[in-house]
Every structure is written in structure tokens, then in C-alpha cells.
Amino acid sequence: MAGKLNKEQFVPTNSHYFKISWIQKLKVYKTQTHYFVVGSNYAESKFRLLKIKRTDPYELIIIDDGVDYTVRQVNDILEALLGSTGGPLLGKTNKKYIPKYTGYGIIGFVRFVEGYYLILVTKQSKVADIGGNLVYKIEDTSMIYIPNNNAKISQPDEWRYLKAFQTVDLSSNFYYSFSYDLTNNLQHNMLMLQSCNSEANGNGDVERDIAVESDGSTGESWVYVKDEKRSKDFTEAKHAQKKRFAVGFTPCDRFLWNKYLLEPLEFECVSDLWNIKIIHGHIGQTCINVYGKPIYITLIGRRSCRYAGTRFMKRGCNINGDVANEVETEQIVHCASATSLHHTQFTSYVQHRGSVPVHWSQDISASVVPAKPPIVLSLDNPFSQATAHHFQAMMQRYGSPIMVLNLVRKREKRFRESVLGQEFKVAVDYLNQFLSSEQQIKFFAFDMAHQSRKNSNVLARLAELAILSLQATGIFQSKPLLFKSSLDEDARWRQLGGQFIQGFRIQTGVLRTNCVDCLDRTNSAQFVAGKSALAYQLFSLGVLSEPNLNFDTDVTRLYEEMFDQHGDIIALQYGGSQLVHTIQTYRRTIAPWASHSRDIVTTLSRYYSNTFSDADKQAAINLFLGIFKPFPSQDPLWDLSTDYYLHNQDIDVLKSFSVHNYLQWWLPEVIASLPLPMDTILNLRSHNVTHRDGQCHVSRKQLTQHCEECSDWFSNFHRVEELTSFDECLGFQMTNTLNSCIANGYSDLSPFAVRGENWQHLKHERLQPDSTTSQSSLDVSSNESSDSDENVPDVKRASLNNDVQNETQTSLTPWLKPPTLEEFSPQSMYGIDIEHATSAQDEKTYRRYVDYEELLADQGPYVNDMANTDIKLTPVDPQSMLIYVDSVSHNYHVDTEFYRDYVCQFSLD
């Protein structure tokens with residue numbers, strides 16, 4: 001219910017921010033006995049030193065003194081450490097030593113059969129901005145061998161292990177952030193931050209919030225009620241002593257790809273300020289310009305590092321329920337008018353994809369048609385234990401309900417995919433026997449290939465299932481009662497699912513989509529679900545009048561391009577090629593013959609990768625993730641006939657069977673927390689909050705105080721001490737709907753304007769004008785991968801002729817004719833008639849200005865005689881002149897605290 005805002009609520013005395021790893025620049029200096037790693041902040045005003053010994057051939061000895069140094073102090077240390085070694089100097093006058101390597105963060109350390117290697121990020125690029133937290137993509141890395149030549153003991157297999165490890169290309173879609181936990185979704189991170197703020201300001205009770213708000217109430221209100229004492233309370237609160245706290249979170253191991261590489265640092269108790277946490281997958285961001293209001297759409301794909309691998313090498317799940325090709329897809333939509341997470345509204349929606357969670361495999365060598373190896377159910381478990389482990393982990397992370405959208409074939413001439421779908425359905429039905437109706441797994445089977453052959457509207461049916469899922473799970477919203485009166489008028493918004501905790505609308509449950517490969521069909525289905533959620537997200541931000549998006553708008557076009565790119569990258573990582581069938585294939589915006597040449601190349605690329613290179617990639621992933629740890633006394637990695645026992649350790653079937661597994665396949669604490677996710681509740685109860693003053697903590701397990709750089713997000717984002725340009729700003733490099741509107745000559749600049757039925761089809765024809773049809777291409781496409789062998793049916797020739805006629809009739813479309821000057825005139829672009837836009841007085845004033853400039857050019861830089869000009873200088877008021885002189889001569893010192901005081905006047909959290 002709505003209530004008055006007291007001074008503590010309006011201006012929080014204590015503010016919590018994500019902990020920032022302020023060591024963001026590294027310089028590595030080399031001597032015969034040590035590597036000295038000097039870490040600094042971005043301004044290079046604060047330093048730390050890491051000492052790595054090079055005299056031990058096998059052990060890693062790291063010394064982190066935990067002391068902060070100034071520029072002068074670190075120069076004196078380098079002079080003492082490197083001066084006697086005769087290291088290279090940049091200049092004899094300033095005694096500035098040249099580092100051997102430079103970088104931005106330490107990914108970790110790895111050892112094969114000889115000594116350790118240091119893995120360093122040497123190049124990075126900005127890819128996204130999440131509430132003032134920059135996200136970087138790794139562009140290049142370096143592996144530094146630690147032992148020196150005297151301590152090195154050569155092993156014959158070392159070089160081969162090194163080559164196998166480097167097969168994992170760290171410059172290909174690995175991401176990290178210095179100030180944001182990418183391994184967890186936005187809902188998890190925001191709840192942690194809000195819980196810390198509530199507890200620090202004396203109004204946080206996690207048990208009370210969960211007990212009360214789970215019953216359906218909306219918790220605390222964001223509606224402001226005018227208070228007569230507001231001005232006085234604000235004045236008193238503004239002068240209260242403010243404290244900033246840094247909140248450090250524990251990353252999710254499921255999506256942390258360098259966990260194994262960071263173990264040596266944790267063992268040596270090295271501060272986590274030195275390392276970075278990386279995820280693998282895809283991150284993309286674009287901007288929707290709603291008449292000058294920037295709305296950022298961020299798409300994050302987190303690939304799981306458990307049971308990770310390539311297409312035919314990893315199918316189904318292991319005994320722990322970890323599935324192959326598991327990817328968590330999150331879309332974040334927020335208004336970028338304000339930078340901070342605290343002062344703008346964020347919304348997000350999470351989906352999940354993963355292989356069918358039963359024991360099955362495919363042997364590519366046992367198939368007559370290489371692209372279609374037979375599906376074999378490797379284990380027959382009537383109690384579905386692996387499936388139970390999988391869904392228990394999903395409930396623990398996402399809550400309930402779990403919505404399963406199974407897209408495998410149900411009708412086939414030869415039983416292949418249908419066998420897999422039946423086994424999945426039987427397992428889910430067995431597990432649902434022991435759950436209540438509210439907690440049961442909702443299973444939907446949709447034969448996407450069969451419906452496509454019937455020329456039915458596949459995406460329309462998927463949209464119905466997406467709306468049904470949204471009504472069950474809801475979306476995350478950081479400020480749920482903004483625009484409350486307008487939102488509640490829509491019946492579809494009132495039917496939106498989810499729960500309320502600590503003033504947040506949270507998503508409970510998740511939509512899980514799968515086909516055989518979880519690539520082509522899954523990506524199109526997730527696009528439809530994401531598009532439906534995007535409409536609700538934009539509606540909650542107040543930029544849409546109803547939660548519905550038309551396909552033929554700039555917003556949907558950009559979102560479709562983002563999802564196509566997302567799907568291509570996920571397909572390259574798992575299948576070895578891009579998507580065979582894109583979203584436009586199922587939308588039928590292009591003729592099938594127009595994309596068959598691309599489909600053939602993609603199919604052949606996928607077949608080649610699966611046949612000849614997947615085994616090496618799988619071995620490299622096992623080595624990178626620490627699934628296989630080499631020892632001189634055991635068989636090398638390349639001599640293993642299979643890696644089945646590496647991913648299925650302690651496979652004792654009799655030991656794993658018990659009465660508990662037969663009936664109560666779930667943990668009681670997981671079921672007790674539903675519909676809320678148990679992981680979120682546990683983290684709310686045991687979050688890690690540390691003060692900003694004092695030293696940074698030494699290890700993650702110790703709770704000591706943080707320095708100012710760990711919580712100063714403003715300086716970390718804006719880099720006030722660094723020279724930058726607009727061309728380097730992420731916002732200027734981002735794809736924007738306004739730019740596409742101007743480039744295409746649209747008079748309506750709204751991103752929600754409908755551009756016509758065939759506009760995307762015509763754009764594809766413009767990009768591929770030389771596409772031709774052939775009967776052979778139609779035949780070859782039938783031998784595609786198992787994910788894309790749904791074989792979208794050929795469009796009849798009559799319909800193709802109609803498409804050509806429609807293209808001819810729409811000759812006024814900007815893509816089909818060269819642009820003219822009239823299309824970019826003020827009249828066509830902005831509705832302004834330039835002949836009547838200016839008055840006679842304005843023209844006279846401008847003419848006087850031009851005449852004066854010409855007079856200056858004729859008489860030189862100094863004009864002493866102004867009598868010949870008709871310009872009359874307006875006298876300046878003496879008092880105004882004094883104010884102006886004082887303003888230009890006075891030096892103002894504005895710090896970030898003053899800026900935050902100003903922003904807090906408009907903050908309601």
C-alpha cells in the first residue's frame with residue numbers, strides 16, 4: 001500500500017553498489033627469478049604488486065602483499081627490483097622501465113606436465129552497458145610460461161597439450177566485467193543489491209518480505225504521496241553522513257568458465273581484485289530511440305560449462321542432470337536516460353535451452369547419411385533419475401513453474417526424433433506424479449516441422465504458447481508500480497505472472513525450449529517468446545500503449561537481427577556452423593529458393609566440422625575446464641577412446657538408487673521455497689556486505705573492508721580523468737533505430753511504426769539480388785543436420801508469382817529505387833516548408849550577420865572603424881556584466897558526491 005516517504009526512504013543514508021575490481025590495467029616485468037605484475041586503476045594513480053617466483057619447475061608460488069602504492073612508491077620499488085638486473089629502459093632520464101607484457105586482467109593459471117602458465121587478457125572491447133557497468137569482450141590473450149630456463153624440465157607431451165589448450169579461442173565470444181556479475185542474471189543481482197540497501201537503512205527483513213509478498217501483495221509502494229514535512233526531512237537527510245558500501249557476490253559456477261583456472265589464485269589467497277570472471281556465449285546490445293528517449297535492449301547468452309562440448313560428442317545429459325548445449329538467454333530492457341542502476345527502471349526476461357535430459361547419443365560413423373546418424377537411448381532408467389536431477393536444478397535456480405516446449409518431431413516415416421520425444425514425455429509424466437498441481441512441470445509438445453509442411457502459421461502458434469508461458473512466469477521489473485494506473489487498465493498486464501519481493505516484480509519459473517540440436521528451431525521459438533516478453537517490457541516502461549508488437553516495425557527488425565546473430569554464434573560454438581534455417585525461414589518473408597545456396601554451404605560446413613574437428617575441440621574443452629587433468633603417470637588426453645567417464649564420474653547405479661530417488665526426487669528445501677527460487681532466497685539470507693573504507697579483502701571468504709574505488713561506480717564508468725572522444729563511446733557505436741529511419745528515408749521516426757507487409761522481404765532481396773533457383777539445391781537441402789531436417793516445405797509456384805507481383809507493385813519502397821534529394825528535404829523529413837519557415841525579420845538579421853563577416857574579412861583581423869556597418873550593439877547591463885565576469889573567472893570544484901546529492905532529490909528508492 002502507498003505511504004509517506006520518510007527521509008531515510010527518500011535519501012538513503014547508506015548506498016550499496018556492486019563491488020568493482022579496480023585493478024584494470026596490468027604491466028608484467030620480467031627478471032631471471034621473478035615475474036612482477038603491477039596492477040593499477042584506470043587512472044594509474046593507485047597500484048598493487050604481485051610477485052611470481054620462477055625458480056620452481058612445478059609449483060606456483062605467488063605473493064600478494066595487499067598493500068596499495070602510489071606512483072612514486074611503485075617507481076621506487078621497480079627501481080630496486082629491476083635496476084640491478086639491467087632491464088630495458090624507456091628513457092635514461094625518467095627511469096621508466098618497459099614492461100614485458102601489458103594487459104587488463106588475469107584469466108588464471110594452468111599447468112600441464114611441466115610448469116605453470118599465466119593467462120593474460122591483452123586486448124578488450126566494450127560491447128554493452130548495464131546501468132553504468134561496462135561489459136567487455138576478450139579480443140586477445142597471452143600465455144606466459146612461468147619457470148625460467150634453469151628450472152625448466154622438458155616433457156615430450158607439453159607442447160601437444162599446449163596446442164590442444166589453445167584450440168579454445170579465448171578471443172571468440174568470451175566476456176567479463178569489472179563491476180557486474182555476468183554469471184548471474186539481472187534479477188538475482190538486483191535482489192541482492194536491494195536486500196543490502198533495505199537492511200542497511202533499517203527496513204530490511206528478508207523473511208518478512210518473502211512471507212508477506214509471496215502471498216500476492218505488492219510489497220512496498222513506489223507511489224509518492226506529498227508530505228508537508230518533505231522539504232524539512234530532505235534537508236536533514238541531505239546533511240546526514242552518507243556511506244557507500246561495496247556488495248560482492250559469489251558467481252554462479254555453472255556459467256563460470258575459468259573456475260578451474262582460478263583455483264591456484266584461491267589456493268594462494270590472492271585477492272580477487274586481480275582476476276576476472278569470464279562467461280562464454282554471446283552478448284549484444286542495441287538502442288531503440290523513442291523520440292529522443294534511449295531504450296537499451298541487451299541480449300545475453302550464457303553457455304553452461306557443465307557437460308560442455310560439441311554437437312555429436314555431447315548429447316542428452318550426464319548422471320548429474322547437466323545437459324548438452326545448455327544456454328541461459330536473458331534479455332534486459334531499460335531506459336538509458338539515467339546511468340545508474342538505482343535511478344532508472346530495469347526489466348528482464350530469462351529463457352533456457354538445453355538438450356533433451358535423458359541418456360541418448362548419436363554415432364556419426366554409424367550412419368549411412370552422415371548428417372542424420374541414428375538416435376540411440378544409451379540407458380534405460382525407469383525412475384528418470386538424471387531427468388529428476390536436471391529439473392531439480394532448474395527449480396532451484398528459477399523457481400516454478402517450469403514450462404517445457406518440446407519441438408522434436410512427432411510424425412516420421414522412420415522413428416527417429418519421435419522416440420526421443422516419447423522418452424522425454426514419459427520421464428516428465430513420472431516426475432509430475434509426486435508434485436502438486438502448482439509445482440508440476442508444464443509440458444508442451446509442438447511438431448514445428450509438421451506444421452511448417454502444412455503451410456500453417458508456425459510463429460502464431462508459438463506466440464500463443466509464449467503468452468501462456470508469460471502468464472505463468474512473468475517478467476522481472478525493478479520498479480513495478482511506475483505507471484501503475486495505466487498498466488492496470490490492460491487486462492493482459494493484470495494476468496502477468498510472477499511474484500513480488502522487496503518492491504520488485506520477479507520472474508518465477510522459466511520457459512525451457514529444446515529440439516534435437518537446440519539450434520535452428522529452438523532459436524526461432526525463443527525469438528517468438530522473447531518478442532512477446534519484449535512487448536510487456538516496453539509496455540512497463542511506458543513507451544507502448546499496449547503489450548503487443550507488430551512484426552513489421554523497426555523494433556522487431558532490430559530484435560530479430562539480434563536473435564539471428566545470437567543463434568548463429570550459439571550454433572557455431574556447438575554445431576560448427578551458422579544457423580541453417582533462420583527466423584525469416586519460418587516467417588516465410590523470403591522464398592525458400594532465395595536462401596538455399598546459403599543453406600547448402602552451412603550444411604556442408606556443419607558436416608565437415610562434426611566429422612573432422614569436433615573430437616579435437618571436445619578434447620580442448622575438457623582440458624580448458626579441468627575435466628581432464630594431465631599427469632605424467634597416466635595416459636595422455638589424445639589416447640582416450642571416450643570421455644564418457646570424465647563427465648560421468650562415480651557412475652555407480654546401485655549406489656545411486658534409493659527410496660528417496662524413487663518417490664521424493666526433489667529436495668525438501670527446494671520445494672518449500674517454490675514458487676521462488678531457492679538460490680535467490682539463500683543468497684538473500686547470506687549476502688556479503690562490506691564497508692568501503694580501509695583495505696580490500698584478501699580472499700572471498702574473508703570479510704574485511706573495501707577501499708573507495710570498489711564502490712565508486714561513477715568514476716569507474718565515466719572515467720573523468722581519462723581523455724576520451726565521442727567516437728569511442730559505446731552509445732555512438734551502438735545500432736540505433738533512428739539511424740535506420742533516416743537512412744531509409746522514413747518520415748515517421750517512431751520505432752513502433754509499421755513499415756509494410758513486405759519490407760523485410762524486400763530488404764533481403766536488396767542484399768541478395770543475384771539469388772537464383774535450382775532443383776538441385778532443393779534436393780540437397782533434405783540432407784541437413786538433425787536440428788534443421790524439418791525441411792520447411794517449398795512454396796508453390798503460384799505463391800512465388802504473387803510475391804513477385806507484390807514486389808513490383810511496391811515500387812515506391814526506398815529499397816527498390818535510388819534515393820533522391822527530395823526524399824531528404826525538410827518537408828519530407830520533418831514536415832517543414834523551408835520557403836515559409838523563416839520570417840522577413842529573421843532573414844534581415846542573418847543578412848546583417850553575413851555582411852559583418854564579409855567586412856571582417858576585407859579589413860583584416862582588427863576592425864577599428866565600425867561606422868560603415870549598420871550593426872547596432874545592444875548595451876549590456878552593468879550588473880549582468882559583473883555576474884558574467886565573476887562566473888568566468890571563478891573556479892568551481894564539483895565532485896561526485898555533489899552530483900549524487902542532486903540525483904537523490906529525484907530518486908524514490
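Where does Pro675 lie? Pro675 sits in the loop between helix H21 (668-673) and helix H22 (678-685). The peptide bond from Leu674 to Pro675 is cis, with omega near 10°.

## About the model

This is a predicted model, in which local features need pLDDT of at least 70 and side-chain atom pairs count only at pLDDT 80 or more. Residues are numbered from 1 along each chain as its sequence is written. Helices (H or I, at least four residues) and strands (E, at least two) are DSSP runs, numbered from the N terminus.

## Helices H8 and H9

Two packed helices are described by the angle between their axes and the distance between the axes. The axes of H8 (residues 385-398) and H9 (residues 417-432) come within 10 Å and cross at roughly 65°. That makes H8 roughly perpendicular to H9 (angles of 65 to 115 degrees count as such).

H8 contributes Thr387, Ala388 and Phe391 to the contact (heavy atoms within 4.5 Å). From H9 come Phe424, Ala427, Val428 and Leu431.

The peptide bond from Ser400 to Pro401 is cis, and its omega is near 10°. Pro401 belongs to the loop between H8 and strand S18 (402-406).

## Positive phi in loops

Asn325 is not a glycine, yet its phi is positive, at about 50°. Asn325 is in the loop between strand S13 (293-303) and strand S14 (327-335). With 4% relative accessibility, Asn325 counts as buried (under 20% relative accessible area, 1.4 Å probe, protein chains only).

Ser384 is not a glycine either, and has a positive phi of about 50°. Its loop runs between strand S17 (375-377) and H8. Ser384 is buried, with a relative accessible area of 9%.

Definitions and conventions: Heavy atoms only, no water. Axes fitted to C-alpha atoms, helices over the stretch in contact; angles between N-to-C directions. Parallel < 35°, antiparallel > 145°, perpendicular 65-115°, else oblique. Buried < 20%, exposed > 50% of the residue type's maximum accessible area, 1.4 Å probe, protein only.
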